[in-house]
Amino acid sequence: ADSFNNSLIRIGEVLQRSRSFLADPLSPPAALLRGEVIATLCDILDLDTEMRLSEEDGGSSNSENAGPLNDLGSAGSLLKLIILNCSMMRSPECFAFCPSENGQSLVEEEQRVLAASSTHLDFHGRHAGNRFLAVVHRLAASRSISARITACSLGPVLWGHLDRPHQLQLRGVITRALHDVDVMVRKSTAAVLHEIAELVFDSRAVPWLILMCERAMTDPEPQLRAAAMTLTWHLAEHLPNAFLGDASQGSRSVRRLPPKTDPTYAEVYLLQCKLLPVATRLAEDRAPAVRLAVAAQCDRLCNALGDHWYSVIIDVLQALLGDGDERVRGEAILCVPRLTEVVLVSTTTSATNLRGVGVLEALFPVSVKLVEDPSPNVRVALATAAGELLTLLVGLESLNEISPPLTSQEQVNAAFERPSQWGYKKHVDETLIPLLQRLLDDSEPEVTSSALRAVTNASRGNVREIQARKNSTS
């Protein structure tokens, strides 16, 4: 066994040294050897049943090159790099790029494809990943954990280069991986789904992703259930892209929710109705680590789902502020300023401004009670949150004071918004300042120093940052 493991490790070292050559998309020798190299890497992954290559690679990696590729080990990461670099390779289904009759080699044909126009590349890119799907099927059926993890990791690489039938096959592989008996495979699959959520520009794939959220929500492993919360808000954030996004702009171009007059609004709304119960159920999970994940990400979910669901998410955060675990209470109170900022900064009308005051009135009474929490860590978090809230509300008031003169119509609107601005000042004078004064007198030095730091930071103000956020959401 030791001799076999040592041989496997030596193979991994050879693969690491030859990675730059074998994954070079412009090297004719590498292109000629590509099929044999991929088959060999699959054989190595089949043999690596105990993930020796991943352990060796992870132990030798430094902070600069550590990441998803290194987690796969030398064989898996090289296989992923080869396919990633050759995702535009000629596919049998792309008849427009069939080999010519003048005896062109595979390398010459591939270079001709790469030199084609962008329109042809877009057409070819839809099917270029089909030929690699056999590799995914082979690795997914392996008894080796390394092979099955690598099979899932290829999903985001191939997703945008598959036609509809082959994409359905890939979805089947990922679905089976999320039900795998090994928890490491399921964890890797959850990370893969997080990446795929950014790549969905077809609304037909969204119900499947929601189903994956629901499956992860019921996993026996708490870490997988916590990952379901991350996947939920991430999918909610990219949900408009499935209806309105442009795949050519990539995942960084995130569309905002469509207006209620848009025909796609009803479809997005119905899908949101399926996503939100995942978060509310996870907020009641028996494992504190799962509830902690929900408390840390309520603001992200609130921002992703839009103002229609503010009240539901505020109710979830209220419950987490009274959680029996001190870590959950601490994380929940730290989320209060972030969620409050999402609501207040994104408001543009009198109705939503009144809703902004409503979030303060809903969360402040529960938050203030934590000043008597028996855990010093919770009180430290409360002092930090109170300072951030003070900075936010004072900044909003200062921003209103330095804003340009209002038109006659804006003055009429401001008459309706004035109660909300009074509400900001009321909460500053009657809630936040007295709360910080009490925390400054706390018996724990960590709490008093945190409160003092919060007051100092609030006095500096952040009007420019708030103005930038308002502009980005308008």
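1. Start with Asp 182, which is buried yet has no salt bridge. Its nearest side chain of opposite charge is Arg 148, 5.2 Å away, whereas a salt bridge needs nitrogen and carboxyl oxygen within 4 Å. Bear in mind as you read on that this is a predicted model. Asp 182 sits in the loop between helix 12 (164–178) and helix 13 (183–197). What does the side chain of Asp 182 reach? The backbone nitrogen of Met 184, at 2.8 Å.

2. On to the charged pairs that do meet. A search of the whole structure turns up 13 salt bridges. One of them joins Arg 186 and Asp 219, with the closest N and O atoms 2.7 Å apart. This pair links distant parts of the chain: Arg 186 is in helix 13, and Asp 219 is in the loop between helix 14 and helix 15 (222–244), 33 residues apart. Buried or exposed? Arg 186 has a relative accessible area of 8%, so the residue is buried. Asp 219, at 2%, is buried as well.

3. Next, have a look at Arg 225 and Asp 285, whose side chains meet in a salt bridge at 2.7 Å, N to O. Arg 225 belongs to helix 15 and Asp 285 to the loop between helix 16 and helix 17 (288–305), so this contact ties together parts that are 60 residues apart in sequence. Both Arg 225 and Asp 285 are buried.

4. Arg 338 and Asp 299 make another salt bridge, and here the closest N and O atoms are 3.1 Å apart. With Arg 338 in helix 19 (residues 326–345) and Asp 299 in helix 17, the pair ties together parts that are 39 residues apart in sequence. The two partners fall into separate accessibility classes: Arg 338 is partly exposed, with a relative accessible area of 30%, while Asp 299 counts as buried at 10%.

5. Salt bridges also form a network here. Which residues are linked in it? Asp 43, Asp 46 and Arg 138.

6. Now the rings. A pair of aromatic rings is described by the distance of the centres and the angle of the planes. The count for this model comes to 3 aromatic pairs. Trp 159 and Trp 208 form a stacked one, at 5.9 Å centre to centre and 15 degrees between the planes. This pair bridges distant parts of the chain, with Trp 159 in helix 11 (residues 155–159) and Trp 208 in helix 14 (residues 206–217), 49 residues apart. Trp 159 is buried at 3% relative accessible area, and Trp 208 counts as buried at 7%.

7. Tyr 265 and Tyr 269 have ring centres 6.2 Å apart and planes at 25 degrees, so this pair is stacked. Both belong to helix 16 (residues 265–282), and because they are 4 residues apart there, about one helical turn separates them. Tyr 265 counts as buried at 19% relative accessibility; the cut-off is under 20%. Tyr 269, at 27%, counts as partly exposed. Together with Trp 309, Tyr 265 and Tyr 269 form one aromatic cluster.

8. Last, the surface. Phe 21, Leu 32 and Leu 33 form a nonpolar patch there, with about 290 Å² of accessible area together. Phe 21 lies in helix 2 (residues 19–22). At 39% relative accessibility, Phe 21 counts as partly exposed.

Terms used. Residues numbered from 1 in each chain as written. Predicted model: local features only at pLDDT ≥ 70, side-chain atom pairs only at ≥ 80, totals over all residues. Heavy atoms only, no water. Patch = residues over 30% accessible without salt bridge, like charges linked within 9 Å, V, L, I, M, F, W, Y side chains within 5 Å. Areas by Shrake-Rupley, 256 points an atom, 1.4 Å probe, with all protein chains shown as cover. Helix = DSSP H or I, 4+ residues; strand = E, 2+ residues; numbered from the N terminus. Buried < 20%, exposed > 50% of the residue type's maximum accessible area, 1.4 Å probe, protein only. Phe/Tyr/Trp six-rings, centres within 6.5 Å; stacked < 30°, edge-to-face > 60°. Lys, Arg positive; Asp, Glu negative; His and termini not counted. Polar contact = N/O pair within 3.5 Å; in protein donor to acceptor, adjacent residues only side chain to side chain.
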